[in-house]
Amino acid sequence: MRKTARSALVIVIIASLAAASGVAAAPASSPTQLPTLEQDLRNEINVVRAQYGLRPLLPSPALTTAAESYTRTMLRRGFFDHSSPNGVTLAQRLRSRYSPAGYARWTVGENLLSSSEAIGAKRAVELWMDSPHHRDNLLSPTFRQMGIAAVHQQSAPGVFGGNEVVVITLDLGARSTS
């Protein structure tokens, strides 16, 4: 047996013994909210919007709650997408927290960002501005409100590969009675 094959066999045996003895694999680390980054993002987004003659986006508690919940779900379940693995779309997800009930018009959008390195608000907004769809969301005159979540996790599962990651969710919305 070659040395690398023997090493792999030893690792498999150790993993099997740990599983048989009831020792669990190391869980993903706990997520940490980044409130300073969130505030910096709100400011930077509105600075960019002002440069294009657009009104600032106002903070929405409902959209913020939706963004926080979804960001933590992505980190916990190890996926990164606007739709959840069970097929729940952005609009379906936001409808439950940012309801269209009682409004004649309702629209929502979302920007996501994942970074394996620490990231600042200016860089995050630059990356979104470099992406046509994300740029359209940031510069849309239709949106009036935003909710932001920025969460760091030392070791995230799934698509994050057990690595350190910062995930940012920007949920955008507008509701009107006319």
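This is a predicted model: local features need pLDDT of at least 70, side-chain atom pairs count only at pLDDT 80 or more; totals for chains, interfaces and linings use all residues.
Residues are numbered from 1 along each chain as its sequence is written, and side-chain values use heavy atoms, with hydrogens and water left out.

Student: What pattern does the protein follow along the sequence?
Tutor: Helices (H or I, at least four residues) and strands (E, at least two) are DSSP runs, numbered from the N terminus. The protein has 6 helices and 5 strands. Read along the sequence, the pattern is α-β-α-β-α-α-β-α-α-β-β.

Student: How far apart are the end C-alpha atoms of helix H2?
Tutor: Helix H2 covers residues 35-51, which is 17 residues. The expected span is 1.5 Å times one less than the number of residues, so H2 should span 24 Å. The model agrees, with its end C-alpha atoms at 25 Å.

Student: Which residue with positive phi follows H2?
Tutor: The buried residues of H2 include Leu-37, Leu-41, Ile-45 and Val-48; buried means under 20% relative accessible area, exposed over 50% and partly exposed in between (1.4 Å probe, protein chains only). Their cover includes helix H5 (121-129) and strand E5 (165-176). After H2 comes a residue with phi near 75°, Gly-53.

Student: Is Thr-169 buried or exposed?
Tutor: Thr-169 lies in strand E5. Leaving out residues up to four places away in sequence, it touches Ala-67, Thr-71, Met-74, Glu-110, Asn-111, Leu-112, Gly-147, Ile-148 and Ala-149, where contact means heavy atoms within 4.5 Å. Because its relative accessibility is 0%, Thr-169 counts as buried.

Student: Which side chain forms a polar contact of 2.6 Å with that of Thr-169?
Tutor: A polar contact is a pair of N or O atoms within 3.5 Å; within protein, one must be able to donate a hydrogen and the other to accept it, and residues adjacent in sequence count only if both atoms are side-chain atoms. At 2.6 Å, the partner of the Thr-169 side chain is that of Thr-71.

Student: Which backbone oxygen does the side chain of Gln-153 reach?
Tutor: Gln-153 is in strand E4. Its relative accessible area is 3%, so Gln-153 is buried. Its side chain reaches, at 3.1 Å, the backbone oxygen of Ser-155.

Student: Which backbone nitrogen does the side chain of Gln-92 reach?
Tutor: Gln-92 sits in helix H4 (residues 90-95). With a relative accessible area of 47%, Gln-92 is partly exposed. At 2.8 Å, its side chain reaches the backbone nitrogen of Thr-89.
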